[in-house]
Amino acid sequence: MRVAVVTNQIGDTQLNRLDPHAAEQAEVTLRAVLEALRELGHEAIPVEVRPSLLIDLQNVAPDAIFNIATGYRSKRDQANIVATLELSGIPFTGSSFRAHVMGLHKYLTKFIMEMADIPTPGFCVVDANRKMPSQERLSKLKLPVIVKPGAEGSSLGITQDSVTGDLSKVPGLAQDLLDRFGPPVLIEEYIDGREFTVGLLGYPEPAVLPVEEIVFKEGAMYTYAVKSRDRVTPVCPADIPEELALEIQSIAKRVFEALDCRDLARVDIRLSRDGRPYVLEINTLPGLMPGYSEFPRIAQIAGYDYKSLVQKILEGALLRRGA
């Protein structure tokens, strides 16, 4: 098979300046995916995201696309890239445009989870009209709250100061994020407790991978500073009772299915002090950087080396090619 690997632009771009780690991660991931595909016997051709993406894909004429592009100008462009892949008519790995939009816009994910009776922290949103929620609406949230970008990845915009028990500080925190990232801004009940992540892999029926716990070496949440400095210790499988692991895995699969995801995704869950799991968000295009990203690390625990992981992800696109 001829497989086009669609990736972020390499070099000095707006996305890479916004998240300096994105460039290195994209390059290392691209090399790893290309190598795995070639070892699997495919002709693998890199295609960088740019305005000519449709033409570039037409020139390459691949049988399938392996998509690892997390953004163009910013991470929120991730769904726009997928929309372009859909326009190409070529089967590609990962979820549809619709699922990416819902996953990237965290408040949309939360609306869907509420409708599906999936536990998630209470929230308010500052949307495109930039109007702050009323004091009455804010007062219904349990304190403390966390104020964070509603459509960014990699914990961008999240610091230790993002959590507050003083509602009078919320408008200022929200305005700062509006100025830096634009709307939406999510104001969410902060769950103080242990953090877990669950990977899902495969098509049409996803396998639920082992639960991983994110143990923080500093602070108690995944801020951008903590993530960029790798100040966490992943523990997989998580050291929790089997009954709790099964509950967390079941909730993660329900989120995956509620958003109609495909091939791969990762669901982040917090366990409150009273033992209740709450879904924070879903990553519809989790990182695949070997030796760094959670998803390949968790998959390896489940028995997938990097080459077999790439093969499993590609299988979904190949199956849809034959549909």
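Reader: Which residues do ring pairs link into a cluster?

Author: This is a predicted model, in which local features need pLDDT of at least 70 and side-chain atom pairs count only at pLDDT 80 or more, while totals for chains, interfaces and linings use all residues. Residues are numbered from 1 along each chain as its sequence is written, and side-chain values use heavy atoms, with hydrogens and water left out. Rings of Phe, Tyr and Trp (its six-membered ring) pair if their centres lie within 6.5 Å; planes under 30 degrees apart count as stacked, over 60 as edge-to-face and the rest as tilted. The cluster linked by such pairs consists of Tyr107, Phe111 and Phe123.

Reader: How many residues apart are Tyr107 and Phe111 in helix 6?

Author: Helices (H or I, at least four residues) and strands (E, at least two) are DSSP runs, numbered from the N terminus. Within helix 6 (residues 106–115), about one helical turn separates Tyr107 from Phe111, because the two are apart by four residues.

Reader: What is the angle between the planes of Phe111 and Phe123?

Author: A pair of aromatic rings is described by the distance of the centres and the angle of the planes. The centres of Phe111 and Phe123 are 5.3 Å apart, and the pair is edge-to-face because the planes stand at 65 degrees.

Reader: Is Phe123 buried or exposed?

Author: Buried means under 20% relative accessible area, exposed over 50%, and partly exposed in between (1.4 Å probe, protein chains only). Phe111, at 37%, is partly exposed. Phe123 has a relative accessibility of 5%, so this residue counts as buried.

Reader: Which ring does the charged end of Arg320 sit over?

Author: A charge sits over a ring if NZ of Lys or CZ of Arg is within 6 Å of the ring centre and within 35 degrees of the ring normal. The charged end of Arg262 sits 5.3 Å from the ring centre of Phe92. For Arg320, at 4.6 Å from the centre, the ring is that of Tyr203.

Reader: Which strands stand at the edges of the open sheet of three strands?

Author: Two strands pair if DSSP finds at least two bridges between them. The sheet has the order 2-1-3, with parallel pairing.
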